Every structure is written in structure tokens, then in C-alpha cells.
Amino acid sequence: MKLDIKNLHQDVISKVLGTQDKNLNVLKQYFSAKITVNNGFIESFGEVDQVLLENVFLTLIKLAESKVNYNERDVIYIIKYLERGNDVDNIINFYTFRKPVVVTDLGKPVFPKTFNQSLYIDVLKRYDLVFGVGPAGTGKTYLAVAYAVSLLKSNKIKKIILTRPVVEAGESLGFLPGDIKEKIDPYLIPLYDALYEFLGRGVVMDLIGKGVIEIAPLAYMRGRTLDNAFVILDEAQNTTKTQMKMFLTRLGFNSKMLITGDYSQIDLKHNNMSGLLEAMKIFKSLEDVKFIYFETVDIIRNPLVQKILERYHEG
């Protein structure tokens, strides 16, 4: 591949290559190819899909010319998307016209990073009961909390409730000191982290104190009816069938429920069937319930995580 970039503005070239050539290094690593930028040309050498690589660069160039910001993780997604034979214009339109879910406490807009993530947010807007199922790192919980915060900020709900079953991930942690909050908080750190990013630690603590935000183990949901709330059940693969039924029947008026989980990471003991797996079978044909299935291509962590999961899946 030999791509002429002599007529491109230097700002566009800089954005395509990334800060300290980070985007370029991602491309080199992904394609296992030598890629150089010299004398107004981008050239690649070695056994590489030249058409795919050129389409990736053309996409990055068009996005840069449209002043769309992207980073290394976006570059990986663009590669994976085009690698599947999808159209260049689709991915350009996706990045150009996507809208932020929420703005963080520091003023940074949070966008869906993949087509499935965008579909996820759209479905959350239209359905009261949604299941987000897929591997770690696909943004299931993060985006759900972002959307819940957006509803709270716009006064469309009065409360955010975040819950998860307290199940140790394959190891015994032994006795944990402290009161009930101190005992369960280690299991809920991902939920706190997302809230702190979107609202700021001080605001989150204030809202928790007022009962506007509630973070609690699943057992605390029993016997309640949850009205005017956005309710998220995280790590649902570790619910039992009884727990899942109990949780789903808590849905009240003007409320939405989201259940997230990864059925490849079930930590239940004593041969208990996962409540998530049973719910996937029971509700798959119910029109009022929507399932969004994430794939490894939706992983937005370090690109190596995607490769690790793919190898485990292949094995």
C-alpha cells in the first residue's frame, strides 16, 4: 500500500497517526506490518491485507478532516469493523453523528464506542426491561450507569438503584471486617467508579446520603416495589433462579430495569443454575423484553483483552 497524503493538513496527519504515533503503533501491531510515513506517503510492507489497511487509513483521514476525535481503542474497533467486510461510509457516519450519553463531572462527553453500544442506548430509551449480555470490557455496566445518570439529571427518574449478587469470583476472601456497607463495598467498586466519573465523588456521597442513589446487594431488593427509578442488576450471571425472579418482580411504575451479565463468568457453587441463563430462555420470545448481545469486537479495554478472550473462545 502506498497512500498519498501530501495534500493533507498537518493537523489531520497528526490526528491520524495519534499522539506520539500511538495510532500508528496500534496499526503496526495489529497488522504485524512495517508501516512508514515518509515524503508525503504512507507505505506498508509485508504480508498484509493492503485493501483493508488502506480503507482503515482512509476512514481515519475522513474522520480527522471532520474533526471527529478518536483514540487507539477506536482505531482497533474501526479495523475490526472493516475487517468483517462492512462499509467504510457506515463507520464514518457512526462516528460523525453519534450523540453523547452523558457529560462527565470534568466536562468530557461519553459516547457509545461501537454499533452495539449505540443500539444498547437506543433500546434502553424504548424498553422498560433490558438484558445486556456479553464479555467483560464491552461497556455494559459503564454505559448503563451513564444513561441512568442522564435520566436523573433530566429529572426523568427520582432514583438510581445499583445492585449485584455478592458472590466471590472463584476464591474465598474469608472474614471481612466492618459494618454491612464496609463488607459489601469491595464487590461494588465498579459501580462507584462509574458514578464518581459522571457526577463527582462529593455529589455521589451526597445523593447516597439522601437516598437518591442506592448501591446495595441483591438481597436488599426483596419485598420492595421500585417506582420512578432506573434499576441496574450487575453481574447477573451469579444470580440464582429464585433471586432473578425476585428481582424482576420488583419493577414498579415509571421505572426501567437493566440486567447485565456474562454467562462465561458464572461463579455459582453447588451446581446452581444461573438466573441469567434461565431468564434468557424464558423471555427470548417476549416482545416487551429486549436482549442486546455484545461481542468481543465491542471490547473497549486494552486491545490485548480482546485477543485473550478470542483465544479462550477458540480453545
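This briefing walks through the overall build, the helix packing, the nonpolar cores and a few individual residues of the chain above.

The model is predicted, so to speak of local features a pLDDT of at least 70 is needed, side-chain atom pairs count only at pLDDT 80 or more, and totals for chains, interfaces and linings use all residues. Residues are numbered from 1 along each chain as its sequence is written, and side-chain values use heavy atoms, with hydrogens and water left out.

**Overall build**

- The chain has 13 helices and 11 strands; these are DSSP runs numbered from the N terminus, with helices being H or I of at least four residues and strands being E of at least two.
- Along its principal axes, the C-alpha trace spans about 70 × 45 × 45 Å.
- Of the 315 residues, 48% count as buried; buried means under 20% relative accessible area, exposed means over 50%, and partly exposed lies in between, using a 1.4 Å probe and protein chains only.
- Looking at contacts between residues at least 6 apart in sequence, 70% join residues at least 24 apart, where contact means heavy atoms within 4.5 Å.

**Helix α3 against helix α5**

- Helix α3 (residues 50-65) and helix α5 (residues 88-97) have axes that come within 10 Å and cross at roughly 30°.
- That angle makes α3 roughly parallel to α5.
- For reference, axes are lines fitted to C-alpha atoms, for helices over the stretch in contact, and angles run from 0 to 180 degrees between N-to-C directions.
- Angles under 35 degrees count as roughly parallel, over 145 as roughly antiparallel, 65 to 115 as roughly perpendicular, and the rest as oblique.
- α3 passes α5 in a right-handed crossing; a crossing is right-handed if the near helix is turned clockwise from the far one by less than a right angle, and left-handed if anticlockwise.
- On the α3 side, N55, T59, K62 and L63 take part, and they meet V88, I91, I92, Y95 and T96 of α5.
- Sorted by class, this contact has five nonpolar, three polar and one charged residues.
- In that sorting, Ala, Val, Leu, Ile, Met, Phe, Trp, Tyr, Cys and Pro are nonpolar, Asp, Glu, Lys and Arg are charged, and the others, Gly among them, are polar.
- D89 lies in helix α5 and is partly exposed, at 42% relative accessibility.
- The C-alpha atoms of D89 and T59 are 8.2 Å apart in space, although these residues are 30 apart in sequence.

**Helix α3 against helix α4**

- The axes of α3 and α4 also come within 10 Å, and they cross at roughly 130°.
- α3 and α4 are therefore oblique to each other.
- The crossing of α3 and α4 is right-handed.
- Here L52, N55, V56, T59, L60 and L63 of α3 meet V75, I78, I79, L82 and E83 of α4.
- The residues of this contact divide into eight nonpolar, two polar and one charged.

**Nonpolar cores**

- The largest nonpolar core has 40 residues, and L27, F31, F57 and I91 have the most contacts inside it.
- A nonpolar core is a set of buried Ala, Val, Leu, Ile, Met, Phe, Trp, Tyr and Cys residues joined through side-chain atoms within 4.5 Å.
- The elements giving two or more residues to this core are α1, α2 (22-31), α3, α4 (72-83) and α5.
- Helix α3 gives the most, with eight residues.
- Leaving aside residues up to four places away in sequence, F31 touches V48, L52, L53 and I79.
- A second, separate core of 38 residues includes Y120, L124, I157 and Y196.

**Helix α9 and its end**

- In helix α9 (residues 189-199), the buried residues are L191, Y192, A194, L195, Y196, F198 and L199.
- G200 follows α9 and has a positive phi, near 90°.

**Residues worth a look**

- Most residues other than glycine have a negative phi.
- D21 is not a glycine, yet its phi is positive, about 60°.
- D21 sits in the loop between α1 and α2 and counts as partly exposed at 35% relative accessibility.
- S32 also has a positive phi, near 50°.
- S32 is found in the loop between α2 and β2 (34-38), and counts as exposed at 67% relative accessibility.
- S14, in helix α1 (residues 10-17), is partly exposed with a relative accessible area of 37%.
- S14 and A64 are 50 residues apart along the chain, and their C-alpha atoms are separated by 9.0 Å.
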